[in-house]
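Thanks for coming. I will go through one protein chain today, a piece at a time, and you can follow along on the screen.

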Amino acid sequence: MHKRSILARAAEMEVSVGIDTATTTVVDNEQRLRDVLDSIFDAVVVTCIRGIIQDFNRAAEILFGYEKSEVLGKNVAILMPRSLAKQHDQFMQNPLQAANAKVLGRLRELEGAHKNGELFPITIGLNCTTWEGIPRYIASIRDISDRRKAENTIQTLSLYDANTNLPNRLNFMKLMQHQLQYSDVSVMAVNMDFFNRINVAVSESEGEQVLRVLAARISEFATEFNGVVAKDIEDRFWIGMEVSTNETLDFDARQMRRLLAMLREEIVVNSRHYLLTASVGVARGRKGANSSEVVTHAETAVHQAKMRGRDQFSVYREVMTEQVVQEFELEQQLRRALQKNQFECWLQSKVDSNGKVVSAEALVRWRLQEKVIAPDVFIPLAERLGIINDIGWVVARKVAQVICALQPDNWHLNIAMNVSPRQFMHENFTATLQAIFLEENANLQQLTIEITENLLIHDIIKVKAVMDELSQLGVRFSVDDFGTGYSNLKRLQWIPVTEVKIDRQFVVAGMQGERGKALLDTIIMMGQSLGMHTVAEGIETAAQFTYLQSKGVDQFQGYYLHRPEPMRTWLQSIL
Ligand code: C2E
Ligand code: CA
Ligand code: CA
């Protein structure tokens with residue numbers, strides 16, 4: 001109501017200005033002052049030092065709903081909520097105290113009371129002035145309802161998730177921090193598995209509806225324990241509950257199983273049926289703990305649950321943080337190693353049945369100060385982080401340099417390079433490889449790419465297309481660790497692979513009893529009957545070498561024959 005336009009209200013009001021022809025300039029001045037006062041947008045209320053209203057401009061009439069005539073001579077307390085009015089009255093008992101009050105000359109935010117009893121937020125600035133020797137208070141007042149509303153909206157937006165109306169992460173942290181002052185808490189991070197597919201396959205709005213159903217389910221689960229439920233970004237939820245110190249972690253585990261089962265139940269939205277799963281991480285926070293730490297622990301645990309294959313829960317343990325810290329340090333070192341050119345290419349010769357070097361395998365090494373680090377330590381992490389592509393290209397360039405150095409006398413020597421599935425599936429794999437070999441003036445026909453059977457789980461049509469393309473350029477393919485992975489023999493025959501590398505574990509097993517020997521024989525026979533060139537790796541003894549020779553294996557690799565050597569040393573031994 002007090003929002004109505006001041007100008008409109010002013011037009012309605014009867015403006016009676018009686019002008020005496022014999023008026024003096026005093027009247028003129030007073031009229032001018034009146035006009036000025038009435039045209040101000042802020043409400044202006046003038047009182048004596050006892051708080052009796054002496055003037056009330058138009059904006060004040062509109063704001064408080066009183067006619068000026070109704071308030072003149074009344075205590076200004078009628079414009080205040082009751083609680084404030086009482087305080088004000090007491091204050092005004094002592095005019096001296098009032099005059100020196102700190103409220104003078106400052107803007108304050110208070111509540112005003114409308115004639116109809118409605119309270120509304122205002123800012124008020126109070127000044128004291130003296131007219132004709134009498135001190136008076138002049139208050140200028142502004143309605144700040146709109147600003148408050150906007151502030152409240154911002155507050156809501158910053159503390160609640162707009163889709164589910166649940167507290168958001170920030171709010172959850174605050175709530176947990178509060179709870180942790182009084183008790184132990186159990187915090188659960190709930191992440192839906194592969195949820196984004198609903199957004200992509202159906203629509204984002206459908207995804208939001210499903211999330212609302214999940215929010216309701218999780219809330220239902222949590223109410224039993226007086227738990228707090230919150231919604232983080234994407235498909236992540238939080239549950240926080242007070243627990244007594246004697247409740248064991250078994251309790252958490254039991255609850256997690258129940259929660260996972262609830263989330264697995266079918267969801268129907270717009271006649272579409274969804275079967276979903278979630279991964280959950282749970283962490284305990286002791287009374288007095290920091291909520292952000294507990295939340296981070298729960299996140300670490302949920303990460304574990306996801307790594308283990310999802311649709312399960314994981315309870316936080318300290319070693320999880322240690323692993324993350326170690327992995328993070330290693331990751332940072334790896335990225336720096338790329339910048340500092342710390343990756344080297346070593347070569348391990350392969351020989352034919354006469355012991356003559358016919359090829360070599362390029363093996364990456366990481367030189368960190370004096371240490372040479374083997375790939376087993378960093379390749380799996382590099383693969384997970386995608387750094388493997390950059391490392392792979394460093395190796396590819398070095399392999400091209402080796403091949404270039406071998407020409408023209410040793411053009412028959414073939415160099416094998418390990419390529420991880422991730423790098424192989426990368427866009428432009430062929431083009432990049434070709435460019436590197438062209439730049440280094442190396443012949444692609446001297447290159448063998450060692451792939452693992454795991455590559456064949458990927459989009460086999462694309463894998464075959466890339467392989468065909470490279471075969472056309474003269475590149476050969478070998479299946480590494482043959483027999484250890486996913487062996488789809490049909491797929492093997494369909495792609496242009498010409499060689500299998502019999503894994504070290506079969507070579508070792510072959511010397512350990514009849515069953516091991518039968519296994520090794522079978523693997524060799526399998527490779528041979530597929531029409532593949534066979535290479536045995538990890539040969540450490542003369543006995544292994546002799547046995548494999550007798551089985552008609554084509555090439556041999558292992559410490560017994562040649563150890564991996566730095567690129568320069570290896571080239572010197574060949575040239
Ligand atoms: P892999 O491809 O099976 O390579 C053979 C591994 O066996 C090499 O280990 C080699 O040094 C080792 N080896 C060779 N002969 C013997 C032996 O007689 N006895 C024993 N115990 N081991 C032997 P390395 O160099 O540590 O490489 C380990 C794995 O790291 C490789 O296994 C390969 O999967 C990966 N890797 C190496 N270099 C690269 C690379 O440039 N790119 C990619 N993506 N992976 C690589
Ligand atoms: Ca290999
Ligand atoms: Ca191997």
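Before the sheet, one definition: two strands pair if DSSP finds at least two bridges between them. In general, strands of a sheet pair through backbone hydrogen bonds, either parallel or antiparallel. Please keep in mind that what you see is a predicted model.

Now the sheet itself. It is an open sheet of 5 strands, in the order E7-E8-E6-E11-E12, and the pairing is mixed. The edge strands are E7, residues 228-231, and E12, residues 313-315; each of them pairs on one side only. On average, neighbouring strands here are turned by 20 degrees against each other, if direction is ignored. Look at the E7 end. E7 and E8, residues 236-243, run antiparallel and are joined by 4 bridges. Within that pair, Val 229 stands opposite Ile 239 in E8.

Which helix packs on this sheet? That is H12, residues 291-307, which touches E6, E8, E11 and E12. The direction of H12 makes about 145 degrees with that of E11.

Next, helix H5, residues 82-92. Its buried residues are Ala 85, His 88 and Met 92. Seen down the axis of H5, these buried residues fall within an arc of 65 degrees, so they line one face of the helix. As a rule, an α-helix has 3.6 residues a turn, so residues three or four places apart point the same way. On the face of H5 turned away from the buried side, you find the exposed residues Ser 83, Lys 86, Gln 87 and Gln 90.

Third, a single residue. Arg 272 sits in strand E10, residues 272-274. Is Arg 272 buried, exposed or partly exposed? Partly exposed: its relative accessible area is 36%. Leaving out residues up to four places away in sequence, Arg 272 touches Val 202, Glu 206 and Ile 267. Take Glu 206: it is 66 residues from Arg 272 in sequence, but the C-alpha atoms of the two are 9.6 Å apart in space. Their side chains make a polar contact, at 2.8 Å.

Last, the cysteines. How many disulfides does the structure hold? The count is 0. For Cys 48, the closest cysteine sulfur is in Cys 128, 11 Å away, which is too far for a bond; the cut-off is 2.5 Å. Cys 345 is in no disulfide either, and its nearest cysteine sulfur, that of Cys 404, is 14 Å away. Both residues are buried: Cys 48 has a relative accessible area of 14%, and Cys 345 has 3%.

That is the end of my part.

Notes: Residues are numbered from 1 along each chain as its sequence is written. Chains are lettered from A and ligands numbered from 1 in the order in which they are written. This is a predicted model: local features need pLDDT of at least 70, side-chain atom pairs count only at pLDDT 80 or more; totals for chains, interfaces and linings use all residues. Side-chain values use heavy atoms; hydrogens and water are left out. Helices (H or I, at least four residues) and strands (E, at least two) are DSSP runs, numbered from the N terminus. Buried means under 20% relative accessible area, exposed over 50%, partly exposed in between (1.4 Å probe, protein chains only). Contact means heavy atoms within 4.5 Å. A polar contact is a pair of N or O atoms within 3.5 Å; within protein, one must be able to donate a hydrogen and the other to accept it, and residues adjacent in sequence count only if both atoms are side-chain atoms. The arc is that of the directions from the helix axis to the C-beta atoms. Axes are lines fitted to C-alpha atoms, for helices over the stretch in contact, and angles run from 0 to 180 degrees between N-to-C directions.
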